[in-house]
Amino acid sequence: MFRHRSSLVQVSWCVDLKFPPKFKFGAATASYQIEGGWNADGKGEHIWDRLIHTHPEKIQENATADVAADSYHKWREDVKIAKELGLQFYRFSISWTRILPDGFPKNINKAGAKYYSDLINALLAEGIEPIITMYHWELPVKIQDMGGWANPLIVDWFGDYARVLYSLYVDRVKTWLTVNEANVVCDCGYNAGIYAPLIKETEFAPYICNKNILLAHAKAYRIFEHEFRHRYYARISLANNLMWIEPYSPEDSELAELARNHAVGRYAYPFFSKNGGWPPSTEKVMLKYSRKQGYNESRLPAFTEEEKIFVKGTADFLGVNYYTTNMIRSAKPGEDPGIWFLTGAPELNGILEQPPNAYYGHSKILPIYPEGIRKQMAWLKEQYGDIDILITENGYSTSNYQLEDYDRADFYYKHLEQVLLSIKVDNVSVIGFAAWSLLDNFEWLAGYTSKFGLYEVDFEDPDRKRTPRASAHFYACVIKNRSLNDTCLNKKFIAGSLHYKRTNSADSAQNYRKSLMRL
Ligand code: PNW
């Protein structure tokens, strides 16, 4: 009877398949990817607006996010579909320049402030908890022109922005994420130079950016602590992109551990470790490599003791975006590790390989390996103890307007299965899970060619019609049922649920089952 459940079959005798009551189901989006309205009602320009308008060739099919899913106008519908899914929380981000057009707090844009206020109120009215991301990659151009994340003054500027957001919304918003995927900001923005601000500087900028983001996060946390906590309750963290790293062979175990500390630890150790500051193994490798290059000091900027204390303890939980796993092996003599974002390859002299039996959605840079999410969380617990983990993103890409996305339902089943094992077998405190994404959106360099939505958005339609995919029905069922038992897998559910256009329910049911049989 449990034949289709690869790993749960081993534990189904000792664990039940129910998610614990404190575990919350949600979905996530980001402002630039869904809102459109890029210059509506006084919004200022940010670095992705600038990238899109000055370098359209960088984006597939020269797509822009000037309209995107038009959530700036259609937010009521977004709330409706969030409700339809039964979400307990909705994670969305705020566009800095919609609130502060030039990035600075002297002038709060009323229309922008009202937009998010209305959204928050509508979510709360439906019993859906709003979770805010303050920064999902849209830096005001004025701040970029003064050095952006490489200028240490950004720590205070970000703090000032955070203070404005708390004063507007903290009466209603109890969970905050300061920065989405700081490693992507620093490594894709600088090291690889493929994301805004398109500055390719591989030696210093990614590490200066890394340190300044940690300090900016801490500043936002301390501002809440000193100025708001006496009146309001809130939990604050950040959403880190965590790629699980496996050793390619047993000889690569040490390298894999070094890579985990370098890629993941650089954004977690400063908050959760006993001593604070950088992971010691990263400090060591960076100093050694910098000296080898002819520098006197490490390119990794040091933390002062004061800064270490300032940053330590400023995450009330950890937000984890999990998509993928890679393996690492030592580079052979003469083999160039190249530059990868997220792991800093030259310093480690490692080569990334795809994991065994990996498969792919539309995105070929994200090998799928569901066990990675469980291994990643076990590693976090081993390193940092019993921290609460909120999975702030997990999702799967498809390439077309396909509503019968059984592969996406299958992806979610497999990842939720691993999350359940984390909770029940590894005793990791996973407090919730956000599907990326609520609806199709602008997928950065891939434009609209890579779709992550539970809901399809018709980008040809001026009205940007939203339609639930099979995965939306599946996820809604899991949320309602709060269990991975058979309820959401059986034929009755499928036949009863797949009533959208272009569906032949008999075929769908069969395909769906076939795809789930692979579990
Ligand atoms: C995330 N990786 O980025 C972002 O937070 C979203 O805005 C984005 O749409 C989503 O994932 C899907 O791509 C990632 O290389 C960037 O592992 C890089 C990776 C994963 C996610």
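Buried means under 20% relative accessible area, exposed over 50%, and partly exposed in between, using a 1.4 Å probe and protein chains only. With that in hand, let's walk through this predicted model, where local features need pLDDT of at least 70, side-chain atom pairs count only at pLDDT 80 or more, and totals for chains, interfaces and linings use all residues. Residues are numbered from 1 along each chain as its sequence is written, and side-chain values use heavy atoms, leaving out hydrogens and water.

Let's start with the salt bridges, each a side-chain nitrogen of Lys or Arg within 4 Å of a carboxyl oxygen of Asp or Glu. The structure holds 33 of these salt bridges. In one of them, Glu227 meets Arg163 at 2.7 Å, N to O. This pair links distant parts of the chain, with Glu227 in helix α10 (residues 205-227) and Arg163 in helix α8 (residues 154-169), 64 residues apart; helices here are DSSP runs of H or I with at least four residues, strands are E runs of at least two, and both are numbered from the N terminus. Arg163 is partly exposed at a relative accessible area of 29%, and Glu227 is partly exposed at 34%.

Now look at Glu393 and Arg91, whose closest N and O atoms are 3.0 Å apart in a salt bridge. Glu393 lies in strand β10 (residues 389-393) and Arg91 in strand β2 (residues 89-93), so the pair ties together parts that are 302 residues apart in sequence. Here Glu393 counts as buried at 3% relative accessibility, and Arg91 is buried at 1%.
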